[in-house]
Amino acid sequence: MVEIVVKAENLTKLFEVKLGFFKTLLSKESLYVHAVDGVNLDIFKGEILGLAGESGSGKTTTGRLIMRLIEPTSGKIFFKGKDITHLDEDQMKPLRRYMQIVFQDPYESLNPRMTVGDIISEPMKLQGITDEKEVEERVYKILTDAKLVPPEEFIFRYPHELSGGQRQRVATARAFVLDPDFVVADEPVSMLDASIRAEILQLILSLVKTRRTSFLYITHDLALARHVCDRIAIMYLGKIVEQGTTDQLVLEPLHPYTKALMKAVPVPDPSHKRIEVVIKGEIPSPVNPPSGCRFHTRCPSYMGDICKKSEPQLVDMGNGHLVACHQYSKK
Amino acid sequence: MTLLSVQNLTTYYQIRRGFVRAVEDVSFSLERGEAMGLAGESGCGKTTVALSLLKILPPNGKIVRGKILLNDLDVVKLSESELREKIRWKAISLIFQGAMNAMNPMYKVEDQIVEAIRLHEKGVTKKEAKDRVAKLFEMVGLEPERAKGYPHEFSGGMRQRAMIAMALACNPSILIADEPSTALDVIVQAQVLKLLDELKRKLNLAIIMISHDLSIISETCDKLAIMYAGRIVEVGDVLSVFKKPLHPYTQGLIAAFPSIYAPKQEMSAIPGSPPNLLNPPKGCRFAPRCNYSMDICLKESPSLIEADKNHFVACHLVHK
């Protein structure tokens, strides 16, 4: 039996839309952005799960909810079997040692006034590791693992003295220095140039593999996800529409949205001819998401009333390949 | 006849510590109806090439050498008013990287395009210009009535379409698209790229597509030029550059873009980072990062030679 490290159950986050003063007086109801709506997710021990979707699909919000960086509106989050949904900051703090996050932009996620050594040892200080020798050993070890060598030179540098790739290495080293069980990376390489992107991904992958860390990789780049993830979940307007192993999703996508998404990914091969852009329009506003299946407004295989009125549930099509679409739910 | 021929274009930026040699000896040519991709990492000079073509460099930027021949007219020598009358918008148009923010939020989209038309084509009445906007909107797949809206009422993809409509307002023969789809989602990106491809065919438009993303270029362009640290290191027919890359940098860059359909694989990277262009390496600018670097690479800068039919490369390995 595989061990579930992180579990999200019916996770929902609504953000209230701020209206102007007069509008608040006039309208009785408040408007909500349905950022994440009823998401169920299991992340296994040592697995790399990709969470993919267009901007506005709620993938970043999901990552932040699971890390308890923002409060869910409803739903539950379990970490190693323990319900952490309602823990307060003090109760969360000892757990933070085991859950870490790498942010997208290494130019903003590092404090410009701290040296690399301070940045990486800060999580240890916060977690009460005060033995200077241990802190130093861990910093040196993780810097070496992150190929920021020689470490004795890097610990005195400031972020502005580093290149974009090196900064993201520092951010990664900081996340892994406490040997966490679970790491979220929110688009960790999308700010980097193609030639360094692979290096950073490989670094993250080697850290994840050697430590058997569970890893949630949030991305919009499906071509990269293909080569990084064990499983992928596709989000559309706050809901997971399809989930399965990377091969299942890339080679045999079932949901019309996943199919369109896979076809839209540009292929770096000039002899590859794109079939057609299958769907029109853009992702609708999450303030008033479409009724029924949220994709029905753009769906090329729209089946009429059922799609408009009832919301499809995720069904297992075999081998853990889940899809939420009425085409498949009838069977 | 060749539509655009750029010869030894060299553009420097002056800063307090000296000259940033952003573009050095860049040469290429473009035919009518041809799409060329200009690829490379950030800071390699792709955008500077685009700004040089229109002579809209920032005040500290200067074209120090070279020719930009557009139908045998040298753009480098033209005065500001000649550029406005003959080149900008009429012959060469540019779509900027941040299309989301390239429009003035205070004016209706229609008024912004009308202004562009009337500024560059004297004697066009407001009415004629508005009719043209409606036609342009139809051409890029937007409803003509939407032109009366403000930019914030447009979604990302619609704004990019409106920007393309605006760029085509004065019937240019060359459209430069600087990262036209980087900020867009994959599906919208595919839609915009398809639109550009259709326009290219319909209007016989020459396109220079500037992008760091080789997969986008491979899908839309006929020709591909790879830039590294201010120089073109390889240029040729897109198929032969992709299938038989000759320069080690091109090989590395292509390997850094995995295909979604390829079996799961280790991705490869190019170790190191590009040189500082204030003081670039003396020989080949890629030599410090190159696995095949030889003595000569550190001394002499390789020139662009034809290695195959319509396939040029600047590398000492090939010169032997």
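**A covered helix and its surroundings**

Modeller: The buried residues of α2(A) are K59(A), T60(A), T61(A), T62(A), G63(A), R64(A), L65(A) and I66(A). Buried means that 20 or more other C-beta atoms, placed from the backbone, lie within 10 Å of the residue's own; 12 or fewer makes a residue exposed, and anything in between partly exposed. Helices (H or I, at least four residues) and strands (E, at least two) are DSSP runs numbered from the N terminus. This is a predicted model, in which local features need pLDDT of at least 70 and side-chain atom pairs count only at pLDDT 80 or more, while totals for chains, interfaces and linings use all residues. Residues are numbered from 1 along each chain as its sequence is written, and chains are lettered from A and ligands numbered from 1 in the order in which they are written.

Most residues other than glycine have a negative phi, and most peptide bonds are trans. N10(A), in strand β1 (residues 4-16) of chain A, also takes a positive phi, of about 50 degrees. N10(A) counts as exposed because it has 12 C-beta neighbours inside 10 Å. K80(A), in the loop between β4 (74-79) and β5 (82-83) of chain A, has a positive phi near 50 degrees. With 17 other C-beta atoms within 10 Å, K80(A) is partly exposed. The peptide bond from V149(A) to P150(A) is cis, with omega near -5 degrees. P150(A) sits in the loop between α5 (132-145) and α6 (151-154) of chain A.

Now the wider packing. The largest nonpolar core has 188 residues, and Y217(A), I234(A), I176(B), I208(B) and I226(B) touch the most other members. Helix α8 (residues 194-211) of chain A supplies its largest share, 9 residues. Such a core is a set of buried Ala, Val, Leu, Ile, Met, Phe, Trp, Tyr and Cys residues joined through C-beta atoms within 7 Å. Beyond four places in sequence, the contacts of I234(A) include A52(A), G53(A), L249(A) and L261(A); a contact requires C-beta atoms, placed from the backbone, within 7 Å.

Between the chains, 37 residues of chain B are in contact with 34 residues of chain A. On the chain B side, α6(B) gives the most, with 6 residues.

Note on methods: Contact = placed C-beta atoms within 7 Å.
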